[in-house]
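Me: I'd like to go through the side-chain packing in this one. Can you start with the terms and then take my questions as they come?

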Amino acid sequence: MLNWIKRFTLSLFSDSVAKGSITAGFANILLTSFLAVAFLFLGIFAGQNVTFAAHYGGADDFREFVYNALGGSENAKPINVEVKNGAAEITSDGEKVLINTFEDGDDAKVYSLHGYHFVADSRNVSATYDDFEAYCVKNGGKDEITYEAYLALSESEKQNYRFAVRYTGKQKQISDYDVGGYKQYIATVKDEDISAQLKEIEDKKAQLSAEDYNNSVYELYLKAYYPDLYRATGESVPTLRGYYYGLTLKSQGKYFCLFGDMVTASFKSYSAGVITFGGLYKDGNGLTANGATTGAAAIDKFVKGMYYGSLPMLFLMDLLSVISVIVVTELVIVGGMLLCFALSKLKKNGLCNTFGKCAKLVASYTHIAALIAAVVALCLGFAFTGTAVALIAYIAFAIILVVRTCVFMLRGKNQAEPASSDSGEYGLRTDLI
């Protein structure tokens, strides 16, 4: 076992140790490939996320903007964020606030700084419906018509228009009278699925609150009346979250938004990269105004707490999309194996005269190369952001594999076939490992 550990950890650094891996079992390839993926994934994740404090600390313009927006200034009182059961109530001087520097010029004069926008809205924007406007735009032009006018067109004329939605930022109010109209329309729709869903809602009416019942009927009405709604907005029902998301797209990555259910922000790092993040509230991570202003230390703690508190969620999301790491890592590994095989043919190297042997050789140091690349990604994560960190990890991994393989194959002294490891050049049945 000691000899196997030696070969498993030192193949990247020693030709003599690497030779022993050529007659080892193919199970080593699977093990080292798995470890390579794991190391690179963790290194990229750490490089992109653990380094947040350094990027935030170096973003002077953003921190000055946040201090002004949350901590109070000559024209505005400090913001108080009280968190209870994962939801926040955002107030100033004891009163709820609704701040939107994107569309309110007076708010912009008070809270915007260095081109950054600030939003404070205590509503649960993910579940608050937007009173949107539906319309249609003529293909290849800017001419608009109402959705009702579009429905009156012939089928051939409809092909000349595309469906669109304009968010208003106003909360949709659904009355009992509205619900009656929605139900009347749904009853005219010749769709068995829609009819079945309405019947299901009616059957559960006694179990639903009045608000939930009205919302359910409204959602079904939108599905029936606007069949292209999701395609146009990415939402089954347009919400205030969609409204604010559209505003942030126009901000060039410079905003800080406090909502009743979440926080989302984006700022320019000192490395010229953009850090975009969001987080859910946790009890204890609020922001309490202290006297006339809220101190910078308290604001820093609040912002960092929001970011690092979301790391478990970010880790899970990245883990669910780990397929990209797997694909790139395995492509680099296979590329290293093919390079080794090509060099063995070029050098007429008897040591690695089959692709299987080349694969075992490269696999013997793949995981260590990935570990070093992960450390590089973590370290350079203080200087770079986002996809640049992932790119650095992959490039470092590929360079290490290529250099190590070329050094081993081109030294010109690896012609001899190593002793069979069935009895163990190192005294171990490596074909079983």
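Reply: A polar contact here is a pair of N or O atoms within 3.5 Å; within protein, one must be able to donate a hydrogen and the other to accept it, and residues adjacent in sequence count only if both atoms are side-chain atoms. This is a predicted model, where local features need pLDDT of at least 70, side-chain atom pairs count only at pLDDT 80 or more, and totals for chains, interfaces and linings use all residues. Residues are numbered from 1 along each chain as its sequence is written, and side-chain values use heavy atoms, with hydrogens and water left out.

Me: Which side chain does Lys357 make a polar contact with?

Reply: Asn353, at 3.2 Å. Lys357 is found in helix 17 (helices are DSSP runs of H or I, at least four residues, and strands are runs of E, at least two, numbered from the N terminus).

Me: Is Lys357 buried or exposed?

Reply: Buried, with a relative accessible area of 18%. Buried means under 20%, exposed over 50%, and partly exposed in between, using a 1.4 Å probe and protein chains only.

Me: Switching to aromatics. How many pairs are there in the whole structure?

Reply: A search finds 35 aromatic pairs. Rings of Phe, Tyr and Trp (its six-membered ring) pair if their centres lie within 6.5 Å; planes under 30 degrees apart count as stacked, over 60 as edge-to-face and the rest as tilted. For Phe62 and Phe256, the centres are 6.3 Å apart and the planes at 55°, so that pair is tilted.

Me: Where do Phe62 and Phe256 lie?

Reply: Phe62 is in helix 5 (residues 60-71) and Phe256 in strand 9 (residues 255-259), so the pair ties together parts 194 residues apart in sequence. Both Phe62 and Phe256 are buried.

Me: What about Phe132 and Tyr226?

Reply: Their ring centres are 5.6 Å apart with planes at 70°, so this pair is edge-to-face. Phe132 and Tyr226 are both buried as well.

Me: OK, cores. Which residues have the most contacts inside the largest nonpolar one?

Reply: Leu361, Phe397 and Leu401, in a core of 39 residues. Such a core is a set of buried Ala, Val, Leu, Ile, Met, Phe, Trp, Tyr and Cys residues joined through side-chain atoms within 4.5 Å.

Me: And which helix supplies the largest share of this core?

Reply: Helix 17, with eleven residues.
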